[in-house]
Amino acid sequence: MKKTNFEQILRAIHHYLVFFLMVAFVVTCCMLLFVRTLADTMGLVFTPDNIGDAARLTFGSVLLISLFSGTFDYFRRRQTVYKPVKRILDAAERIMQGDFSVRIEPVKDFSGETGFNQIIDCFNKMTAELAGTETLRTDFIANVSHELKTPLAVMGNYATMLQKPNITDVERCEYAKAISDSTRRLAQLMTNILKLNKLENQQIFPQLDEYDLGEQLCESLLQFEDIWEKKNLNIETDIEDGVRIRSDSELLSLVWNNLISNAVKFTPDGGTIGVSLKTDGDLVAVSVRDTGCGIKPGVGPHIFEKFYQGDTSHATQGNGLGLALVKRVVDILKGEIGVQSVYGQGSTFTVKFRR
């Protein structure tokens with residue numbers, strides 16, 4: 001603090017000297033011009049005494065004018081520059097210490113407005129973004145830790161049981177399968193986290209090519225044939241023929257796989273899954289319907305958030321990243337996604353985009 005005050009004093013002396021030299025130059029030039037004109041007009045002759053008196057009077061006037069101007073400028077700068085800068089520096093110090101709740105009040109000068117308000121406005125927006133990012137980072141770490149803890153605990157328990165003597169071959173296969181399933185879940189979690197990180201940081205850019213969308217939907221649906229046959233699900237399709245689009249097939253495949261996977265996962269045995277493809281001029285609409293558990297009231301606005309799982313009874317079958325990936329891909333491809341759901345009856349996810 002003492003160093004700051006000393007620097008302000010030095011700056012004040014510097015500004016005073018600048019004002020002194022500037023005023024001295026201007027007044028001296030004006031006086032010389034005035035005296036020269038007066039002498040020529042009146043035919044006056046100046047003696048050394050007269051010149052000395054005039055010089056002393058001029059010097060005193062310059063000294064007083066520059067002192068007044070420098071003092072006025074110092075207090076003006078103190079109110080309009082030093083104080084706002086100090087407030088911004090103090091807020092920056094608090095941010096460096098991890099306090100993202102700091103906000104700076106707008107400042108005013110004599111005219112009611114100041115350019116510092118633009119800086120302060122940007123500063124407040126930055127701190128708000130940092131606060132949101134810090135919250136997301138904390139939640140992300142907590143969620144990832146939770147998601148890693150469950151499969152690791154399962155793997156540890158079954159690995160301990162495998163070490164027991166006199167276990168049967170059936171038990172050994174059962175324990176090994178549980179470890180394998182947990183390992184696969186961990187691998188899928190890491191894959192989804194990496195994909196979502198790249199998508200959110202704009203490290204994945206769409207590679208546009210033309211292809212048949214109906215064929216892609218059928219291929220995605222057939223990937224889950226073993227599962228739907230095991231659950232005896234009824235598959236209904238309403239896919240228009242020859243619908244060709246120009247988009248990123250790999251990214252859209254990620255969308256269809258996640259939506260169909262969720263439909264299969266949440267639909268009970270003997271239920272129905274429907275996939276439709278409709279066009280309306282330049283618009284394409286793909287719907288994935290199921291007769292599963294549906295979405296609880298109040299859960300809908302959160303289903304596209306990372307790690308959010310509205311139905312915790314299926315938590316062991318996923319990690320809450322699928323719909324977050326879907327939403328991010330749809331946004332990147334400049335499309336829209338919506339959901340209609342009746343709790344206890346099923347859900348319909350609809351993706352719309354231009355060809």
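A: Helix α7 is mostly covered, with 14 of its 18 residues buried. Buried means under 20% relative accessible area, exposed means over 50%, and partly exposed lies in between (1.4 Å probe, protein chains only). Helices (H or I, at least four residues) and strands (E, at least two) are DSSP runs, numbered from the N terminus. This is a predicted model, in which local features need pLDDT of at least 70, side-chain atom pairs count only at pLDDT 80 or more, and totals for chains, interfaces and linings use all residues. Residues are numbered from 1 along each chain as its sequence is written, and side-chain values use heavy atoms, with hydrogens and water left out.

The length of α7 can be checked. The expected span of a helix is 1.5 Å times one less than its number of residues. For the 18 residues of α7 (residues 249-266) that gives 26 Å, and the end C-alpha atoms are 26 Å apart, so the two values agree. At the start of α7, a side-chain oxygen of D248 comes within 3.1 Å of the backbone nitrogen of E250.

The protein chain as a whole has eight helices and seven strands. Of its 355 residues, 32% count as buried.

Next come the salt bridges. A salt bridge is a side-chain nitrogen of Lys or Arg within 4 Å of a carboxyl oxygen of Asp or Glu. By this rule there are eight salt bridges. One of them joins R244 and E210, whose closest N and O atoms are 3.2 Å apart. R244 lies in strand β3 (residues 244-247) and E210 in strand β1 (residues 209-212), so this pair ties together parts that are 34 residues apart in sequence. R244 is partly exposed because its relative accessible area is 39%.

Another salt bridge is formed by K278 and D238, with the closest N and O atoms 2.7 Å apart. This pair links distant parts of the chain, since K278 is in strand β4 (residues 272-280) and D238 in strand β2 (residues 234-239), 40 residues apart. K278 has 37% relative accessibility and so counts as partly exposed. D238, at 39%, is partly exposed.

R354 forms a salt bridge with D282, where the closest N and O atoms are 3.5 Å apart. R354 is in strand β7 (residues 346-354) and D282 in the loop between β4 and β5 (283-290), 72 residues apart. R354 is exposed because its relative accessible area is 57%, whereas D282, at 41%, counts as partly exposed.

Technical notes:
A polar contact is a pair of N or O atoms within 3.5 Å; within protein, one must be able to donate a hydrogen and the other to accept it, and residues adjacent in sequence count only if both atoms are side-chain atoms.
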